[in-house]
Amino acid sequence: MKASLGHQTLTLYGLRFAANLGILEQEMTGPQPIQVDAELNLGPQPLLPHDDDIYHVLDYRKVRQIIIDECTAVHVNLLETLIGKLAHRLMKLPGVSGVRVKIAKLEIFEDCEVAIRIETGQW
């Protein structure tokens with residue numbers, strides 16, 4: 001018997017853009033580059049969509065735009081606050097049962113990146 005289902009995870013890695021984030025003096029004056037990685041657990045899915053139509057799957061263009069919109073809507077002081085808001089928003093998408101998100105500040109220090117990763121829901 002052939003398998004008809006597989007466990008599906010939608011991933012976006014290395015999404016880079018500028019966001020107003022942080023409490024340091026240089027962070028309060030303008031946006032800084034961040035990188036977002038996201039994994040969305042879609043659970044058991046057909047190995048082949050039943051009709052090859054984008055309207056019957058989670059459109060990754062929509063996910064990408066939600067990430068950008070959530071991270072650029074307003075200035076947020078804490079990375080912890082931003083990642084929590086983003087994870088909460090992604091969990092509301094239809095068919096999503098778990099979310100893993102990492103947000104990295106790329107240029108906050110000269111010698112390293114700073115990042116936080118959060119996991120919620122079912123994996």
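The questions go from the whole chain to single residues.

This is a predicted model, in which local features need pLDDT of at least 70 and side-chain atom pairs count only at pLDDT 80 or more, while totals for chains, interfaces and linings use all residues. Residues are numbered from 1 along each chain as its sequence is written, and side-chain values use heavy atoms, with hydrogens and water left out.

Q: How do you know that the length of helix α2 agrees with its number of residues?
A: The expected span is 1.5 Å times one less than the number of residues. For the 13 residues of α2 (residues 60-72) this gives 18 Å, and the end C-alpha atoms are 18 Å apart, so the two agree.

Q: Which residues of α2 are called buried, and what covers them?
A: Buried means under 20% relative accessible area, exposed over 50%, and partly exposed in between (1.4 Å probe, protein chains only). In α2 the buried residues are Val63, Ile66, Ile67, Ile68, Glu70 and Cys71. Their cover includes β1 (5-19), β2 (32-46), α3 (79-91) and β3 (98-105).

Q: How is the packing of α2 and α3 described?
A: Their axes come within 10 Å and cross at roughly 145°; axes are lines fitted to C-alpha atoms, for helices over the stretch in contact, with angles from 0 to 180 degrees between N-to-C directions. The contact (heavy atoms within 4.5 Å) is made by Val63, Ile66, Ile67, Glu70 and Cys71 of α2 and Leu82, Lys85, Leu86, Arg89 and Leu90 of α3.

Q: What makes Arg100 a charge over the ring of Trp123?
A: The criterion asks for NZ of Lys or CZ of Arg within 6 Å of the ring centre and within 35 degrees of the ring normal. The charged end of Arg100 sits over the ring of Trp123, 3.8 Å from its centre.

Definitions and conventions: Helix = DSSP H or I, 4+ residues; strand = E, 2+ residues; numbered from the N terminus.
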